[in-house]
Amino acid sequence: MEREPMSSDDRAEEAAAAAESAQQQQQPLEWRFAQVFGERAAGEDVQEVDIISAIEFDKSGNHLATGDRGGRVVLFERMDSGDSASRKELERQEYPIARHPEFRYRTEFQSHEPEFDYLKSLEIEEKINKIKWCQTANNALFLLSTNDKTIKYWKVTGQDLNHVPRCRRVYAHAHDYHINSISNNSDGETFISADDLRINLWNLEISNQSFNIVDVKPANMEDLTEVITCAEFHPTHCNTLAYSSSKGTIRLIDMRQSALCDNHAKLFEEHDAPGSRSFFTEIIASVSDIKFARDGRHILSRDFMTLKLWDLNMDSRPVATFQVHEYLRPKLCDLYENDSIFDKFECCLSGDGLRVATGSYSNLFRIFGCAPGSAEASTLEASRNPMRRQVSNPARPTRTLTSLARTVRRGGENTSVDANGISYDLSTKLLHLAWHPTENSIACAAANSLYMYYA
């Protein structure tokens, strides 16, 4: 049966509806506290081993994993999944409504133990650097976890409280430097691991062999000018991946071109304005994290000062830049002295690609709208009242970071104050966060606590 052509009134009505929908999408979201795991009491000391060091949702968004500095992986599962909603409830919903996302603790296991490399006289921490979910099969969950040197492939089976985590593969002895990234390929069979100088390609089923696909190590290490900081596969093109560097560049490579990907297909780089370079220019340009958008067309990158959104079709400059730490620019010297300038903040995108998020100091995180015409910019705090930092505090006398750094060495506070008089505590930093793949829901880590929010 052929569809009747639309009348001019119908077309106008559809256009108006689309415009209204686009306008609604650009409206700032109202974020609400959902739940917290591991909340500490006021004044309670946090053990170093309990600090969360990795967060990752699976593709369905029904499972969430965290890793900590003690080498543990903790799994959570969604309790209010739409799959369990009754047919009548679904029929009553003419349009999707924001549901209160609720997760519950599922299980935990010791993924990594501290080791000692006797050949290099080097201690290897048990800290989990990254977690990546793999494809599920037969109601079992699969995931990869890594510390600085060793990647492990885990299978978790069982229902309710009877969960059995089992290590299926150990991928070791392939990295001379610390592993900073792992990323699954869309083919479901391979993954990459990256350290400062090399990226290796693995088959999930083969643990004793990997292929070196990127090697930036110079013949003479004195000629080294940049290192690899992060690497990620394209979400749908199994032959394409991107990696970032300490010089602020992002390289897109095509594995079909050659076995060793010495040449990049594209180089994404923003050039400094003439006369704007300083001692700190290269340090703050170092990219700490990159993420592909679900559409595969955009890449989000985070450096110390900014978030940048890149279009794969335009490598000369980002399509959008979001200022995160501009208030710290006058204090870069002090940040260098106390090593805060080397903090590695992660970034994430919403599933619909309309918003981006990243962490900051004082356990704050920032959310920006990136749709055309959007001016959305929210600052939230990882607490039960995320919006309380939206109200500017009364102006306070500004104290320099130099004096504060000296105070820290004596065991005192470590705070700074921005132009609005809002204080920032440099000792509490929100480095790790993840956006639910299909809903406006964010999980973020504040020390040992996992906070979850929805809009």
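Is F76 buried or exposed in this predicted model? F76 is buried, with a relative accessible area of 5%, where buried stands for under 20% relative accessible area, exposed for over 50% and partly exposed for what lies in between (1.4 Å probe, protein chains only). Because the model is predicted, local features need pLDDT of at least 70 and side-chain atom pairs count only at pLDDT 80 or more, while totals for chains, interfaces and linings use all residues. Residues are numbered from 1 along each chain as its sequence is written, and side-chain values use heavy atoms, with hydrogens and water left out.

**View 1. The whole chain, with its helices, strands and surface.**
The chain has five helices and 32 strands, both taken as DSSP runs numbered from the N terminus (helices H or I with at least four residues, strands E with at least two). Of the 455 residues, 49% are buried. The accessible surface comes to about 23,300 Å², and carbon and sulfur atoms account for 47% of that area, as computed by the Shrake-Rupley method with a 1.4 Å probe, where for residues only the protein chains shown count as cover. Among contacts between residues at least 6 apart in sequence, 54% join residues at least 24 apart, a contact being heavy atoms within 4.5 Å.

The structure holds 21 aromatic pairs, for which rings of Phe, Tyr and Trp (its six-membered ring) must have centres within 6.5 Å, with planes under 30 degrees apart called stacked, over 60 edge-to-face and the rest tilted. The ring centres of F76 and Y105 are 6.4 Å apart and the planes meet at 80°, so this pair is edge-to-face. F76 belongs to strand β4 (residues 72–78) and Y105 to strand β5 (residues 103–110), so that the pair links parts of the chain 29 residues apart. Y105 is partly exposed, at a relative accessible area of 42%. The rings of F109 and W154, by contrast, have centres 4.4 Å apart and planes at 40°, so they form a tilted pair. F109 lies in β5 and W154 in strand β10 (residues 151–157), and the pair therefore ties together parts 45 residues apart in sequence. F109 is buried at 7% relative accessible area, and W154 also counts as buried, at 7%.

**View 2. The open sheet that includes strand β1.**
Four strands form an open sheet in the order β1-β32-β31-β30, with antiparallel pairing; two strands pair if DSSP finds at least two bridges between them. β1 and β30 (433–435) stand at the edges with a single partner strand each, so one side of each has no neighbour in the sheet. Three bridges join β30 to the antiparallel strand β31 (residues 441–446), and W435 stands opposite I442 in β31.

Q35 lies in strand β1 (residues 32–37) and is buried, with a relative accessible area of 13%. A polar atom of the Q35 side chain lies 2.5 Å from the backbone nitrogen of F103. Beyond neighbours within four places in sequence, Q35 is in contact with P101, E102, F103, L450, Y451 and M452. Y451 also belongs to one aromatic cluster with F33, F365 and Y453.

**View 3. S340 in a loop.**
S340 is placed in the loop between α4 (332–337) and β24 (347–349) and counts as buried, at 4% relative accessibility. Leaving out residues up to four places away in sequence, S340 touches F304, L335, Y361 and L426. The C-alpha atoms of S340 and F304, which are 36 residues apart along the chain, are separated by 9.6 Å.

Technical notes. Polar contact = N/O pair within 3.5 Å; in protein donor to acceptor, adjacent residues only side chain to side chain.
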